[in-house]
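Reader: Hi, could you go through the charged side chains of this one with me? I'd like to have the structure in view while we talk.
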Amino acid sequence: MKLEGRAEFPYDTVQVWSALHDVDILVKVIPGCKSLMPDEDGGYKITLSLGVAAIKGDYEGKIRVTDVEFPHRYLLNAEGAGKPGFVNMEVNCLLEAVSAGTLMRWSCDANVGGLIASIGGRVITGISKHMTKEFFKDLINEMENHFVPTPN
């Protein structure tokens, strides 16, 4: 499954980068996130509780950030599994300064399997887009508590 999109932030690229790499912020804005803890390999262990259509469950996984070009680019590699299935993904994240703040372009290549894959690609794509929209909306709302917006 391939997804891509963009998000606009009224903050400079360093502020957006900081928020996207702040565990305390991320645990509040990642849908279903119960915990996000650094691991011994320099990545993170994540625990999620999610429902996809009628299929609900808990997932455990790992996240690793690679190919870092502060504050403009990074790759996020994630994998997770639970009784309802598994997901493996790579997300390419690009941040660009614009007059109104920061534009983030992202593209994701994901592999979904198990019971959650049985609900169909179109439904999973729709749910993924909805969850992504909620993530960015919640991230911007949470950033209001930590950063001052870029003046226009």
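Reader: Is Glu96 buried, exposed or partly exposed?
Author: Glu96 counts as partly exposed, at 35% relative accessibility, where buried means under 20% relative accessible area, exposed over 50%, and partly exposed in between (1.4 Å probe, protein chains only). Please keep in mind that this is a predicted model, in which local features need pLDDT of at least 70 and side-chain atom pairs count only at pLDDT 80 or more, while totals for chains, interfaces and linings use all residues. Residues are numbered from 1 along each chain as its sequence is written, and side-chain values use heavy atoms, with hydrogens and water left out.
Reader: ok, and which side chain does Glu96 meet in a salt bridge?
Author: Glu96 meets the side chain of Arg105, at 2.8 Å from N to O; a salt bridge is a side-chain nitrogen of Lys or Arg within 4 Å of a carboxyl oxygen of Asp or Glu. Arg105 is partly exposed, with a relative accessible area of 41%.
Reader: How many salt bridges are there in the whole structure?
Author: A search of the whole structure finds seven.
Reader: New topic: which residues are linked with Lys62 in a network of salt bridges?
Author: Lys62 is linked with Asp39 and Asp41 in that network. For Asp39 and Lys62, the closest N and O atoms are 3.3 Å apart, and for Lys62 and Asp41 the N to O value is 3.3 Å.
Reader: And is Asp39 buried or exposed?
Author: Asp39 is buried, with a relative accessible area of 11%, whereas Lys62 is partly exposed at 30% and Asp41 is partly exposed at 44%.
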